[in-house]
Amino acid sequence: MSSGYVTTSDGTQIFYKDWGAGQPIVFHHGWPLSSDDWDAQMLFFLAKRFRVIAHDRRGHGRSSQTETGNEMDTYAADVAALAAKLDLKDAVHVGHSTGGGEVARYVAKHGKGRVATAALLGAVPPIMLKTESNPGGLPIEVFDGFRAALAANRAQFFLDIPTGPFYGFNRAGAKISEGVIRNWWRQGMMGGAKAHYDCIKAFSETDFTEDLKAIDVPVLLMHGEDDQIVPIDDSARIGIKLLKHGTLKTYPGFPHGMATTHAEIINADLLAFIKG
């Protein structure tokens, strides 16, 4: 099967790609993108004789444009439904940004007996929002601004993010790719506005502290030191202290979207971790 849909318990259709044979690697995309964001990784690991799988989160990409269930518990349950349908065993779960939160929740709650290792790239755990227990987080006004911009003009907002901070294209001397910007916009506009709006709360306010503590398998945290979307000091550098079997690898000057801008480096390091 090269692609298809899994129907979840609430009738949502989750689109997925499933290529190749061998140990499965499941890729979890960031907000507001789709499984297409993993093209560079899917092709690389397919050529290395892995089975590569990626899905569109509910409300994103080709999956149902859901009004409800746009929160982490349901996202993780949707992944569990996919893993059950494909009967995944000894799987590696790789999550970027919001997808890293989804991986943490899935592995902690549903992964027993199915998961070998996990990798979180520029991921949101433990929690992005500034709270009493997380004083280094981003204030709620930042995410309120995201919501306001999305509601006012989603198409323009989805152009501003990749043109600016997501790939570090706002940095002096950045090598800007018009194709990468357009592809981000294309993926974003495929999804549903309601799901995207709700997901801002999911990625910013969900606390993954207990998920990280509960994970028993080896976890690689990969984070760009110039990540302007998920600042490293309040994510990976705290998260590594919560994991039982964690490894932290940081990348000077790399942006949030480093799996696209620096795919050859990220792919090689992911491969070394999986094989190690």
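**Close-up views of a predicted model**

Figure 1. The structure shown is a predicted model. S97 is placed in the loop between β5 (91-96) and α3 (98-110). Although S97 is not a glycine, its phi is positive, at about 60°.

**Figure 2. R49, an exposed residue with positive phi.** R49 is not a glycine, yet it has a positive phi of about 70°. The loop between α1 and β4 (51-55) holds this residue. Its relative accessible area is 71%, which is over 50%, so R49 counts as exposed.

**Figure 3. The chain as a whole.** Ten helices would be listed here together with the strands: the chain has 10 helices and eight strands. Its radius of gyration is 17 Å, close to the 19 Å that the globule rule gives for 276 residues, so the chain is as compact as a globular protein of that length. Along the principal axes, the C-alpha trace spans about 40 × 40 × 35 Å. Buried residues make up 55% of the 276 residues. Of the contacts between residues at least 6 apart in sequence, 75% join residues at least 24 apart. The chain exposes about 11100 Å², and carbon and sulfur atoms supply 54% of that area. There are 28 positive and 31 negative side chains, and the centres of the two sets lie 5 Å apart.

**Figure 4. The aromatic pair of W31 and F157.** The structure holds 19 aromatic pairs. In one of them, the ring centres of W31 and F157 are 6.3 Å apart and the planes stand at 55°, so the pair is tilted. This pair links distant parts of the chain, with W31 in the loop between β3 (24-28) and α1 (39-47) and F157 in helix α4 (residues 140-163), 126 residues apart. W31 is buried, with a relative accessible area of 7%, and F157 also counts as buried, at 10% relative accessibility.

Figure 5. Ring pairs link W31, F143, F146, F157, F158, F166, Y167, F169, W184 and F203 into a cluster.

**Figure 6. Two cis peptide bonds.** The peptide bond from W31 to P32 is cis, with omega near -5°. P32 lies in the loop between β3 and α1. A cis peptide bond also runs from P125 to P126, with omega near 5°. P126 is part of the loop between β6 (115-121) and α4.

**Figure 7. I238 and its contacts.** I238 is located in helix α8 (residues 236-239). Its relative accessible area of 29% makes I238 partly exposed. Leaving aside residues up to four places away in sequence, I238 touches P126, N134 and D233. The C-alpha atoms of I238 and A116 are separated by 23 Å, and these two residues are 122 residues apart along the chain.

Key. Residues numbered from 1 in each chain as written. Predicted model: local features only at pLDDT ≥ 70, side-chain atom pairs only at ≥ 80, totals over all residues. Heavy atoms only, no water. Helix = DSSP H or I, 4+ residues; strand = E, 2+ residues; numbered from the N terminus. Rg over C-alpha atoms; globule rule 2.2 N^0.38 Å. Buried < 20%, exposed > 50% of the residue type's maximum accessible area, 1.4 Å probe, protein only. Contact = heavy atoms within 4.5 Å. Areas by Shrake-Rupley, 256 points an atom, 1.4 Å probe, with all protein chains shown as cover. Lys, Arg positive; Asp, Glu negative; His and termini not counted. Charge placed at Lys NZ, Arg CZ, Asp CG, Glu CD. Phe/Tyr/Trp six-rings, centres within 6.5 Å; stacked < 30°, edge-to-face > 60°.
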